[in-house]
Amino acid sequence: MENNQYNNNNTNNEQKISNEPASTYTAIDSHKEKIKLGFGKSVIMPFLCGALGTVIVIGTCFGVPTIREKLFLNNSNNNQSIITNTSQQAITKETNDNLISLSNYSETGINVANKVRPSIVGITVEYSVNSIFYRNYTTNNTAKAEGSGIIISEDGYILTNNHIVNSSSNSSYYEVGKANKVTVYLYNDETAYEAKIIGTDEQTDLAVIKIEKTGLQSAELGDSDSVQVGEFSMAIGNPLGMQSSVTAGMISAVNREVTDSDGKNYKLIQTDAAINSGNSGGALVNSKGQVIGVNTLKLSGTGIEGMGFAIPINSTKEIYEQLIQYNKVKRPYIGITGRDLDEALAKANNLVTGIYVQSVEDFTGAQKADIRNGDVIIEADGQKITKMDELNEIKNKHNIGDEMKLKVYRNGSEKELTIILGEQP
């Protein structure tokens, strides 16, 4: 019995042992299924519900006009805010760029002024004026004028305008003689330096004076042939006695043909930098602080603003070199006086367009070449001409002693002549 009981118990134990793996396998498989069900419940189902809910909400919102409008309005406001911010950033950048540009312009003006002002002088000139008032009553007075000058050498040579130091003129009421005293004032120097007139040239309105002083800061000369319309320009001088004044602007035109009050013609640089009485003889300079012109005149009157003119510096070099060397400018000379004949005047006098010879001076190249009163000069060196300015321009390309070919109209026919250019007296 005991054995049977033991055996039975043993059998049951074996069965339990043999059944253990099956029971264990079933538990593991069941756990996997629970994991699958748990993942579906915890992840997939909430995601699907969420997506479905989103669709329902969006559909509902767009289905309700007020909600839809608010949604679009908020979105529009956000976009507008982004655009506005972007625009403001662009405007700020542009403003900063402009400020930098203006800063550069200001720095240019400061640097140019600091560089050039020590080379510009103030000039005071005294003239003798004889005025006649009433019968047999004469008074002798002294008049003063002011101008500017440009130091062209460290040993005291100064370039200025002829009309500053050589303003002799006459009228029915007064007579102004040549300057009897010229005084120069240097930059940051209150000393009055008496100057000597070295030479003057009425044709170009240039003059050279000199003071006895060395170690001066001469101006740097630029290339006026390379000047362009629109570039920076600064005028420096002594307007109304206010020494070392600067005004800035731009180049308005180059090679501008201008006729002054005395009928003289010039080719000048035009600028809108303010040029006033006393600026004459001062410097027109570029952004490098190089002198590109000698300020000489301005247009004034009702409705006229910012029209000043300067003699191109390149055209002054040969002039002031001759004034220093010879105290005058040596020019070739034909020896005639003439007037321009336009079509109307030529037709009215049964002549051709050109230069009508009014007189021929004795012992000149013109007389020796048989140019006569009444001739009409129609060509010079093979070029057709109708004005005295054109004839002089061609003549001035020659040297004293050169030959020059002229074609004249005389008594209904043309005649070619060759003259030997003399020296202008």
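Modeller: Buried means under 20% relative accessible area, exposed over 50%, and partly exposed in between (1.4 Å probe, protein chains only). The model is predicted, so local features need pLDDT of at least 70 and side-chain atom pairs pLDDT 80 or more, while totals for chains, interfaces and linings use all residues. Numbering starts from 1 along each chain as its sequence is written, and side-chain values use heavy atoms, without hydrogens or water.

The count is 1 aromatic pair (ring centres within 6.5 Å; planes under 30 degrees apart are stacked, over 60 edge-to-face, the rest tilted). Y105 and F232 have ring centres 5.7 Å apart and planes at 75°, so they sit edge-to-face. The two residues are 127 residues apart in the chain, Y105 in helix 2 (residues 65–116) and F232 in strand 8 (residues 232–237). Y105 is partly exposed at 44% relative accessible area, whereas F232 is buried at 12%.

Among the charged side chains, the whole structure holds 12 salt bridges (Lys or Arg side-chain nitrogen within 4 Å of an Asp or Glu carboxyl oxygen). One of them joins E126 and K144, at 4.0 Å from N to O. E126 is partly exposed at 22%, and K144 is exposed at 62%.

R372 and D370 meet at 3.2 Å, N to O; R372 is partly exposed at 43%, as is D370 at 30%. In the salt bridge of K384 with E379, the closest N and O atoms are 3.8 Å apart. K384 is exposed at 71%, but E379 is buried at 15%. Shared partners join D370, R372, D375 and R410 into one network of salt bridges.

Conventions. Rings of Phe, Tyr and Trp (its six-membered ring) pair if their centres lie within 6.5 Å; planes under 30 degrees apart count as stacked, over 60 as edge-to-face and the rest as tilted. Helices (H or I, at least four residues) and strands (E, at least two) are DSSP runs, numbered from the N terminus.
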